[in-house]
Amino acid sequence: MSDEANKGLLSPLRRKLLMGMAAVPAMTMLPRASFAQAPATSAVNTTGLAVTDTEVTVGILHSATGTMAISETGSIEAEKLAIEQINAAGGVLGRKIKFIQEDGASDWPTFAEKAKKLLVNDKVAAIMGCWTSASRKAVLPVVEQYNGMLYYPTFYEGLEQSKNVIYTGQEATQQILAGLNWIAKEKGAKSFFFIGSDYIWPRTSNKIARKHVENVLKGKVVGEEYYPLGNTQFNSVINKIKLTKPDVIFTDVVGGSNVAFYKQLKAAGIDLSKQALLTISVTEDEIDGIGGENIAGAYACMKYFQSLDNPNNKAFVPAFKKMWGEKTVIGDVTQAAYLGPWLWKLTVEKAGSFDVDKIAAASPGVEFKGAPEGYVRIHENHHLWSKTRVGRAKLDGQFELIYETADLVEPDPFPKGYQ
Amino acid sequence: MFGDYSLGDLGSIFVMQGFAGLILFSVYVLMALGLAIIFGQMGVINMAHGEFMILGAYVTWMTSNLFQAYLPSLFSGYFFLAMILAFVASGALGMLVEWALIRHLYKRPLDTLLATWGLSLMLQQAYRSVFGAREVGVELPQWMLGSLHVTDSIEVPINGVFVMCLTVLITISVAYVLYMSRWGRQVRAVVQNRIMAGAVGINTEKVDRYTFGLGCGIAGIAGSAFTMIGSTGPTSGQLYIVDTFLVVVFGGAASLLGTIASAFSISQTQSTLEFFMSGSMAKVLTLLAVVGILMLRPQGLFALKVRK
């Protein structure tokens, strides 16, 4: 971070950019000032949350064990980094953040139970957590009943909105539509083959994608296939793809199946530099398991890539690697998880209170200029305004940014005409 | 659905679909062989079978890293050494597990289910602690990637052919060991009558240990081979366990031929159905058919004729 600041001093333009966008160094000064005049606990905490004169407690609730640990580890790491950085910059309303980490163990009832424990016993001021939609659906009634605040990082299918949840990932239309528009324009794509894992997220996403392809792009969906989670054999569907010769393969296969799918696609002689493939389920994290040589050339539609070239990200990536090791990679959701603690901090400062009701009310309009993905802002519906980006996978497992929307895309969790 | 396609297209798809079925068949046989030995011959319900496979996969990953770091010139051949190491590692772990856990449970076969399930959870967490929660990517030598170009529209995946050859090789070896060798006769004697086998001087404990080790070792080879087609992570073993039991139970325990026949029928049904409908529906119909046949023939396709 300090390197970035020094470079900024050398170049006036760079400096301007930094002042405007990379709020991280700037924040070092702001809260320090407020530290001296930290408001009284009785004033900022009227509902009995775990806030003292010097500390505030938040919860981290992800799967550190079980099947989902593969995906959720990155989110845990990002949230801890954000909390450490916020503390180094003076904390929230003059208080250091202390976190209690609970393990959802990839089991949805456990998630609900642990969320209740965090809210009722530990009285945490906010929870950074959940990953799959199933875990969020299990936790949602708990945070609503006990009036907690959940920061949820994953891109998901939409069709949900709650006073008690801030969705820092993209809902389906934000992730899909711009990507489809781009590939239709860029590649002149008319025919699409959909393949996904068989559960709610791919099915909802593909439903939206199909409506968009048929009604807006005037194209054709030549196949729509679902395989059970964990399926490892894709040769038959690959043959179908070869038979129907779609312009674009559109995939939302997840988990271990993903690895099998790309390995078998490559083995079947489908060359992704010639056959366009657009995925909404592969980030840098997944490529680690798939292997860059198996997926190079594929397009992914996300809001963040580790390779993004902006000052915030150039500070974020080295800080992440310094904390978690040189070899770790940062995927879209990891970045979204990093936003959680920052957005909460900014909202608390805007509301001047830790009270959940005040935070929920103050959330719309909160801006985070230091986001590694660039600038984000919370919408009235508690989702984020963010850009949609398309990247092309490279041999080294990173993405090369190919396209990004000019403006922030409005979150629309209940899209009209797509249901 | 065929109206729009030329005859040539259909012909080549037919050929490739045939290959897809054969590859699935080989995969099923390879993953079920180890379990067929352990469940079929010893009656142990080994729920940790998938984890023994993944040990093989991790050994392959480590071997590939070692070769890249120290012997890059020999990288193209590392896979063969990796498979041998996978066999040794999984086999050794299997023998250890047999000694520490399984041998106390031979008289309580249902308890092996619980014990090995617990073992599978422990192994998963061990992999997670040692290798990290994220999946690892196993790098393959160049010659094993891509496909054989037969005609313009027919392409055969090299890794599929590799798995097929490996399956044939291992099946023949296992059949030879079980049915031709002196040790195989001892194994079968112990399975049929443990007390009598002991009475005629067979060291039944030793036979048990090596049989279990062999089953686990083959699982290790399977895991090693599957790094070509699937993922390698702490819980990847879970992806295979259901299909594996399906194949072994459907085939009829204690019958190698049954395992092969069952793998063949399940893989062909599934791969044909997958072509005509969605993957999930194909799976449902395949499972329905299996359940239906098992209701009519509870002992599975092939079963030893035993006087009851």
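Me: Which residues have the most contacts inside the largest nonpolar core, and how many residues does that core have?

Reply: In this predicted model, the largest nonpolar core has 137 residues, and those with the most contacts inside it are B:Tyr28, B:Leu30, B:Ala32, B:Leu33, B:Met53 and B:Ala222. Helix 1 of chain B, spanning residues 7–42, gives the most to this core, contributing 21 residues.

Me: Which residues does B:Ala32 contact once its neighbours within four places in sequence are left aside?

Reply: B:Ala32 is then in contact with B:Thr244, B:Val247, B:Val248, B:Thr259 and B:Ala263. There is also a second, separate core of 70 residues, which includes A:Leu49, A:Ile60, A:Met68 and A:Val366.

Me: Why is A:Arg392 called partly exposed?

Reply: A:Arg392 has 18 other C-beta atoms within 10 Å, and because a residue is buried at 20 or more and exposed at 12 or fewer, with partly exposed in between, A:Arg392 is classed as partly exposed. This residue is found in strand 14 of chain A, residues 389–393, and, not counting residues up to four places away in sequence, A:Arg392 touches A:Gly297, A:Tyr299, A:Phe399, A:Glu400 and A:Ile402.

Me: What makes up the side of chain A that touches chain B?

Reply: The contact takes 36 residues from chain A and 41 residues from chain B. Among the elements of chain A that each supply at least two residues of that side are helix 5 (69–88) and strand 7 (220–227), and the residues of the side of chain A that touches chain B divide into twelve nonpolar, 15 polar and nine charged.

Conventions:
Residues are numbered from 1 along each chain as its sequence is written. Chains are lettered from A and ligands numbered from 1 in the order in which they are written. This is a predicted model: local features need pLDDT of at least 70, side-chain atom pairs count only at pLDDT 80 or more; totals for chains, interfaces and linings use all residues. A nonpolar core is a set of buried Ala, Val, Leu, Ile, Met, Phe, Trp, Tyr and Cys residues joined through C-beta atoms within 7 Å. Helices (H or I, at least four residues) and strands (E, at least two) are DSSP runs, numbered from the N terminus. Two residues are in contact if their C-beta atoms, placed from the backbone, lie within 7 Å. Ala, Val, Leu, Ile, Met, Phe, Trp, Tyr, Cys and Pro count as nonpolar, Asp, Glu, Lys and Arg as charged, and the others, Gly among them, as polar.
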